[in-house]
Number of protein chains: 2
Amino acid sequence: MTELTRRRILQGAALAATAPFAASRSQAAAPLAGKQAPSFYRAKLGDFEITVVSDGARAIPLPPQFVRNVSNEQVLAAAEAAYMPKGSIVAPFNPVVVNTGAKLVLIDTGYGPGIGPTVGLLPVTLAAAGIDPKTIDIVLISHMHGDHVLGLKNPDGSLAFPNAEIKVPAVDFTYWMSDENMSRAPEGFQKMSFGYNRKIFSNLTDKVTRYEWGKEVAPGITSVETAGHTPGHSSFVIASGSGRMFFQGDVTNVPDLFLRNPDWQVMFDSEPERAVATRRRVYDMASTEKLLICGYHFPFPGLGYVEKAGTGYRLVPAAWSPVI
Amino acid sequence: MTELTRRRILQGAALAATAPFAASRSQAAAPLAGKQAPSFYRAKLGDFEITVVSDGARAIPLPPQFVRNVSNEQVLAAAEAAYMPKGSIVAPFNPVVVNTGAKLVLIDTGYGPGIGPTVGLLPVTLAAAGIDPKTIDIVLISHMHGDHVLGLKNPDGSLAFPNAEIKVPAVDFTYWMSDENMSRAPEGFQKMSFGYNRKIFSNLTDKVTRYEWGKEVAPGITSVETAGHTPGHSSFVIASGSGRMFFQGDVTNVPDLFLRNPDWQVMFDSEPERAVATRRRVYDMASTEKLLICGYHFPFPGLGYVEKAGTGYRLVPAAWSPVI
């Protein structure tokens with residue numbers, strides 16, 4: 001009887017160097033594929049069909065003050081405990097397509113191509129999922145940060161979803177398109193965000209529909225005020241039959257840091273105290289209601305449930321279903 | 001300012017019934033797709049390429065005595081807490097292909113087609129992943145239960161991986177192919193398992209290689225004794241460069257029940273006490289070493305890390321990477 005010990009496990013590598021196969025110079029019957037599976041995922045929600053369509057993911061090196069009210073050591077330790085690459089977090093980007101039967105709705109658009117090799121993948125993912133961008137009827141924007149709106153345009157400036165009505169939160173549109181607000185914005189992420197919005201929206205002002213909270217913004221999809229991350233940050237309740245899902249946008253960024261520690265104020269939040277209050281409010285409700293949540297920065301496919309844990313919350317990822 | 005309350009969230013559905021879109025009789029520009037994404041997932045492991053290739057998943061209604069040493073109420077409560085369908089658990093099936101560069105190795109084979117609509121999907125998944133069954137050089141079997149071995153043959157009895165060497169744990173082969181053991185086996189799952197093995201292996205006895213523990217069974221892949229679930233149940237350490245993964249087979253079944261409660265004796269375990277001891281040994285090691293684990297019955301893609309939690313352990317799923 002062999003015993004499984006650390007030493008024995010680590011012997012695996014040593015064995016590999018000495019045992020018969022090591023001498024083999026044969027090639028496997030098939031070459032390495034070198035290509036990931038297409039990163040989309042489908043689920044039924046009542047009569048609706050949800051398709052999470054990844055725009056990719058990227059490692060974000062953690063600068064000091066990534067979280068305003070917590071030491072950098074605590075943040076680095078939380079990232080390491082979540083098995084993220086040393087000194088970084090990995091943020092995924094999960095736009096969602098909802099086919100209500102009456103309308104094909106895209107929620108948020110990713111970065112668009114050209115930003116880097118691991119993001120801006122939405123067009124590729126849509127193609128893999130068999131969704132033609134020309135067939136999108138409505139694009140809903142949760143809030144006006146670059147990773148949610150830049151994908152509205154192709155690199156040549158043309159519209160990526162040419163037949164879609166574009167709907168943005170009224171409060172965010174007023175805030176981000178204000179030259180006065182831009183002039184007062186701190187350099188870095190905030191100033192850049194004003195620039196991105198000008199790049200996308202300056203010649204679209206007349207074409208954009210501005211939505212209020214508590215309204216049906218597409219069939220079965222209701223906008224919900226979840227402000228703080230941006231002044232107009234919005235979530236969506238998607239409801240069909242007995243199916244119900246809460247698209248939370250950026251109520252938190254990656255869950256291992258910010259769902260676990262809802263009081264942590266990430267540098268991206270416009271109104272940190274308000275964002276904290278929103279998180280508590282949303283997750284108290286979601287955990288009590290056992291509500292299915294879709295998180296834009298949750299690990300793909302981004303679907304799960306929220307449980308109270310310690311002084312914060314924990315994500316219970318929804319199990320992947322190999323069939324729809 | 002609107003307030004997010006249970007009432008407001010639930011209004012979503014009510015709004016959908018009264019608001020402008022409800023009157024719309026238009027069709028979405030695209031029909032429902034009705035088809036899940038292909039359920040394979042790739043990762044680099046040193047110079048190796050790992051592809052998890054789902055055979056599907058199925059709901060298993062929970063009979064009394066599903067867990068021998070715990071009340072049915074406790075089991076049902078744990079399943080419900082894990083958001084499983086009422087009165088059931090959902091078990092996924094995750095075979096893995098390892099391309100070592102020298103050999104293309106399949107670990108476990110799923111049910112094979114014909115058992116039901118949501119399992120036996122391995123051939124479809126392999127095709128989606130661009131892997132021709134004829135190119136598999138070695139099939140490694142972790143243990144001889146139906147959901148791991150039935151996929152070795154096509155419905156017509158021919159070999160599903162016709163060019164592969166088939167390697168099975170020596171202890172399991174002796175145990176499951178013994179007519180004496182079969183005659184003594186209790187009716188139900190145990191007796192059926194003897195039958196399945198006869199269906200698959202009776203005309204393959206000369207073609208099957210029987211492996212021992214602590215040996216290199218394919219390049220960089222070492223067999224490890226993790227007995228109890230079956231007498232010969234084996235795991236594999238897959239090692240290349242600094243990459244290391246532990247394919248745990250059925251050291252536990254679904255993690256929400258059995259990783260959380262390693263002392264629970266699932267009805268499928270041949271030697272319950274030994275299976276419990278093996279779980280403790282494996283997960284104490286895995287949690288200390290922060291070892292990447294692949295679980296055959298973990299939610300697809302089945303990769304993650306094990307953390308100590310309370311009197312048991314918790315799975316931290318590895319985040320999906322949209323690129324390889």
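**Exercise 1: a strand and its neighbours**

In this predicted model, strand S13 (residues 243-249) of chain A has five of its seven residues buried, so S13(A) is largely enclosed by the rest of the structure.

Task: find which strands of chain A pair with S13(A), and in which sense.

Solution, step by step:

1. Start with strand S12 (residues 234-240) of chain A: S12(A) and S13(A) run antiparallel and are joined by five bridges.
2. Pick out one of the pairs: A:Ser240 has A:Gly243 of S13(A) as its bridge partner.
3. Now look at the link. Two residues sit between S12(A) and S13(A), which makes the pair a hairpin. In the turn, A:Gly241 has a positive phi of about 55°.
4. Move on to strand S14 (residues 292-295) of chain A: here the pairing with S13(A) is parallel, over four bridges.
5. Check one residue pair again: A:Gly249 is bridged to A:Gly295 in S14(A).

**Exercise 2: where the chains meet**

Task: work out how many residues each chain gives to the contact, and which element of chain B gives the largest share of its side.

Solution, step by step:

1. Count both sides: chain B puts in 76 residues, and chain A puts in 76 residues.
2. List elements giving two or more residues on the chain B side; among them are helix H1 (6-18), strand S12 (234-240) and helix H9 (272-289) of chain B.
3. Sort chain B's side by residue type: you get 43 nonpolar, 21 polar and twelve charged.

Definitions and conventions
Residues are numbered from 1 along each chain as its sequence is written. Chains are lettered from A and ligands numbered from 1 in the order in which they are written. This is a predicted model: local features need pLDDT of at least 70, side-chain atom pairs count only at pLDDT 80 or more; totals for chains, interfaces and linings use all residues. Two residues are in contact if their C-beta atoms, placed from the backbone, lie within 7 Å. Ala, Val, Leu, Ile, Met, Phe, Trp, Tyr, Cys and Pro count as nonpolar, Asp, Glu, Lys and Arg as charged, and the others, Gly among them, as polar. A residue is buried if 20 or more other C-beta atoms lie within 10 Å of its own, exposed if 12 or fewer, and partly exposed in between; C-beta atoms are placed from the backbone. Two strands pair if DSSP finds at least two bridges between them.
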